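Please keep the sequence and the model in view while reading.

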Amino acid sequence: GELEGNSFSLAKILGSDGRTLWFNVVGVGGVDQKNLEVVDGDDFRSANPSLDPMWWEDGRGMEMNGRLRTTSPDHQSAVEFEPGTLKAIPVEVVATPGKWPFPPKPEDFLCAGFFTSPNTWLGLHSTAEVEGEFAPKKFVRRVVRQEDAKQMRRFHRGALDAPVDDRYSRILSMESLGNEEYLNAAFLRMDAGSEPLRLGDPDGALLIYTSAPGLNGTAIIARVDTEGRIIWKVDTGIDRFSLSQILPGTNSMAFVGTRPPVPDKVSEPLLVIVENGTGRMVAHSLWQ
């Protein structure tokens, strides 16, 4: 767009709705992931001729939660744009005090486990965590943030007492599912207030972990079933500790960061997109 270099200082990728990869570069736009055509204000206007252009021109209230969503400047109304058609649908305003307009951090998308049934928990825990906050007689909530820590974690199945107010349950027992350990492992979720993204056929979820300790550890994405069995895994090539963004979507997850450091060289920045169901991965260099 023949923009000045300093125009990109606040540029960011918003995420994917499964059809379009959305960005904010001096205005909101997108790239259709099938035909690589650019989506811009004219497309929003054609799909919503009677809608005030401020809904797509002011990117400050834009966010991704499976769909492109924007909130009015006065925080009194919000709309979501349907993938593909771009039709605006009024939705309930979600209050996120203290968060907007700051972009979410990668750790906001990490979760410790989830309820596979009302009385069963599948978690990723270290020995210290099982002896501490996830020990028998402790309580576990439906939404538990995972600590971004350099700990070796295993899959654990927890037997739970009857839930209290459908929000948390007392742990009766916690058993390890095998001896395989994963460094800094966590399940992936759509936002800081949700449980892990669930996948079907077979039932399961996605996780992220670090390939190896030290400076060369990369971010591994894997799909797991509810028995803790790995279905597939892919290496993003991104230095886990230089991972700067996780961009969630119901059909695919995107990850932004740099390759592991190489002596006397600048690490290459990458955008990596992983299909949630199949593990198919596409990596794009962000060098121009």
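## Terms and basis

Strands (E, at least two residues) and helices (H or I, at least four) are DSSP runs, numbered from the N terminus. The model is predicted: local features need pLDDT of at least 70, side-chain atom pairs count only at pLDDT 80 or more, and totals for chains, interfaces and linings use all residues. Residues are numbered from 1 along each chain as its sequence is written, and side-chain values use heavy atoms, with hydrogens and water left out.

## Confidence

The predictor's confidence in each residue is given as pLDDT, from 0 to 100. For the protein chain the mean pLDDT is 88, and 92% of the residues reach 70 or more. Over residues 97-101 the value is below 50. Beyond near neighbours in sequence, that stretch has five contacts in the model, where contact means heavy atoms within 4.5 Å.

Two strands pair if DSSP finds at least two bridges between them.

β1 (residues 12-16) and β2 (residues 20-24) are antiparallel and joined by four bridges. Lysine 12 has asparagine 24 in β2 as its bridge partner. The two strands form a hairpin with three residues between them, and glycine 18 in the turn has a positive phi of about 95°. Five bridges then join β2 to β3, again antiparallel; threonine 20 is partnered with aspartate 32 in β3. Between β3 (residues 28-32) and β4 there are two bridges, and these strands are also antiparallel. Here glycine 30 stands opposite valine 39 in β4. β3 and β4 form a hairpin too, with five residues between them, and leucine 36 in its turn has a positive phi of about 65°.

Burial is judged by relative accessible area: buried means under 20%, exposed over 50%, and partly exposed in between (1.4 Å probe, protein chains only). Strand β1 is mostly covered, with four of its five residues buried. In β3, four of the five residues are buried, so this strand is largely enclosed by the rest of the structure.

## A buried glutamine

Glutamine 146 is in the loop between β12 (139-141) and β13 (152-160). It is buried, with a relative accessible area of 2%. A polar atom of its side chain lies 3.0 Å from the backbone oxygen of leucine 124. Leaving aside neighbours within four places in sequence, the residues in contact with glutamine 146 include Leu110, Cys111, Glu129, Arg153 and Ala185.

Most residues other than glycine have a negative phi, and most peptide bonds are trans. Leucine 86, although not a glycine, has a positive phi of about 65°. Its place is in the loop between β7 (78-81) and β8 (88-91), and leucine 86 is buried at a relative accessible area of 8%.

Aspartate 201 is also not a glycine and has a positive phi of about 55°. This aspartate is exposed, with a relative accessible area of 78%. The peptide bond from aspartate 201 to proline 202 is cis, with omega near 0°. Proline 202 is found in the loop between β16 (198-199) and β17 (204-210), and aspartate 201 lies in the loop between β16 and β17 as well.

Note on methods
A polar contact is a pair of N or O atoms within 3.5 Å; within protein, one must be able to donate a hydrogen and the other to accept it, and residues adjacent in sequence count only if both atoms are side-chain atoms.
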